[in-house]
Amino acid sequence: MSYYFTIIGTRDNPLFESDFGTSKVGGDGVARFKEEAKYMNQFIVHAALDLVEEVQWSNKELYQNNHVHCYLTGGNVKFMLLMNPDPSATTYSAYPTSPPSRPSTARQSTILLAANPTSQATEEAVRQFMNEVYEAWVKCIMNPFYQANQVVTSPVFRSRVVIAAKKYL
Amino acid sequence: MASQKIARQGEELWKTKIEKVNAELVTLTYGTVVAQLCRDFSTNNNPDYVEVNRQLDKMGYNIGLRLIEDFLAKSSANSSTQACGSFREVAEMISKVGFKIFLNVTPSVTGWSADGKSFGLVLEENPLADFVELPDDGRSQDELWYSNILCGIIRGALEMVQMQTEVKFTSDVLRGNDTTEMRITLLRYIEDEMPPDDE
């Protein structure tokens, strides 16, 4: 299944984004979002931000068959992870009613993480991923040439995020 | 043998007579200085890295003029020290005592030239450059020597002990090279001269 990870700064500006697919159990590490998903993902993540601001470490939010995890750093920077178990079953319609997910494809993904978004294992894995990213993030902002709320362009940071994703997701 | 004695002297000084400060404070402060210099000397958002290098060297020079007094006071309180007899001893003192007591690193002295007037200092670890990545604008990698203040410090300090030297970086891991190395060349020994008329 596919993940979309983004870091939002203190002014709700995106500082970093990356999408990837799972590399466990049969995935090949490539994200499989549909065409329109690119900007829909950002929209969903931003909408989720409002809830985050209400509750400080809100853990997940069911949204159109997607799930959003958020990790809040000390400097009020948010790491948001959006997981979608089966992107091909999600259709984005003009109406806000949620589409039914097809049961046949859903069965295949029972062993994958996002199929059980409430499970302990998922939360643990996401938490570990966020911790790794947090460490890489702290090192990145200690760079004297990085200004607060600037877009992160460091290739070192990007590769660390990707490695952490492979390890935990 | 003499170099081991010097090394041991450096260790002892480090352990007993030196007040210590948090390394991250030094790293972050120096990083801010360099970043601010890059902002100050930039036109249209293009930092003039050559000018930044020159400013770092000037700052280091002023530091070195004063630092040498501190260094001599600390190392001659330990009475077994005598003045350096040759440029080689100077190199050993700089690397094993000087760097040790001020930065707690011991660079290695390599690459002596044939006439003994020039050597290289290879730094295994550079505490000034922890967590630093050079900005990704294409030019900083070729033009900025991030730790250039060290060159100024050595040049200033040696000038106060009658040696005119030229100190330059030749490679830097921040630029993608394998090692961080600077080259120190003795130009001449300074004899006492009449002071120049201008200030």
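Axes are lines fitted to C-alpha atoms, for helices over the stretch in contact, and angles run from 0 to 180 degrees between N-to-C directions. Helices are DSSP runs of H or I with at least four residues, numbered from the N terminus. In this predicted model, local features need pLDDT of at least 70 and side-chain atom pairs count only at pLDDT 80 or more, while totals for chains, interfaces and linings use all residues. Residues are numbered from 1 along each chain as its sequence is written, chains are lettered from A in the order in which they are written, and side-chain values use heavy atoms, without hydrogens or water.

## α1(B) against α4(B)

Helix α1 (residues 2-16) of chain B packs on α4(B) at about 15°, and the axes are 8 Å apart. The two helices are therefore roughly parallel, a label for angles under 35 degrees. The crossing of α1(B) past α4(B) is right-handed; that is, the near helix is turned clockwise from the far one by less than a right angle.

Contact means heavy atoms within 4.5 Å. On the α1(B) side, the contact residues include B:Ile6, B:Leu13 and B:Trp14. On the α4(B) side, they include B:Met93, B:Val97 and B:Ile101. The contact has seven nonpolar, three polar and four charged residues. Here Ala, Val, Leu, Ile, Met, Phe, Trp, Tyr, Cys and Pro are nonpolar, Asp, Glu, Lys and Arg are charged, and the others, Gly among them, are polar.

## α4(B) against α6(B)

The axes of α4 (residues 87-103) and α6 (residues 149-160), both of chain B, come within 13 Å and cross at roughly 120°. That makes the pair oblique, the class left once under 35 (roughly parallel), over 145 (roughly antiparallel) and 65 to 115 degrees (roughly perpendicular) are set aside. This crossing is also right-handed.

From α4(B), B:Val90, B:Ile94, B:Phe99 and B:Leu103 meet B:Leu150, B:Ile154 and B:Leu158 of α6(B). This contact has seven nonpolar residues, no polar and no charged.

## The second largest pocket

The second largest pocket holds about 860 Å³ of space. Of its 35 lining residues, A:Asn143, A:Phe145, B:Leu134, B:Pro135 and B:Asp136 are closest to the centre. By class, the lining has 19 nonpolar, nine polar and seven charged residues. A pocket is an open set of points on a 1 Å grid over the protein atoms alone, where a 1.4 Å probe fits, with protein on both sides within 12 Å along at least five of seven lines; lining residues have an atom within 4 Å of a point. Points are joined across faces, edges and corners, and the volume is the space filled by probe spheres set on them.

Which helix gives the most to this lining? α4(A) does, with four residues.
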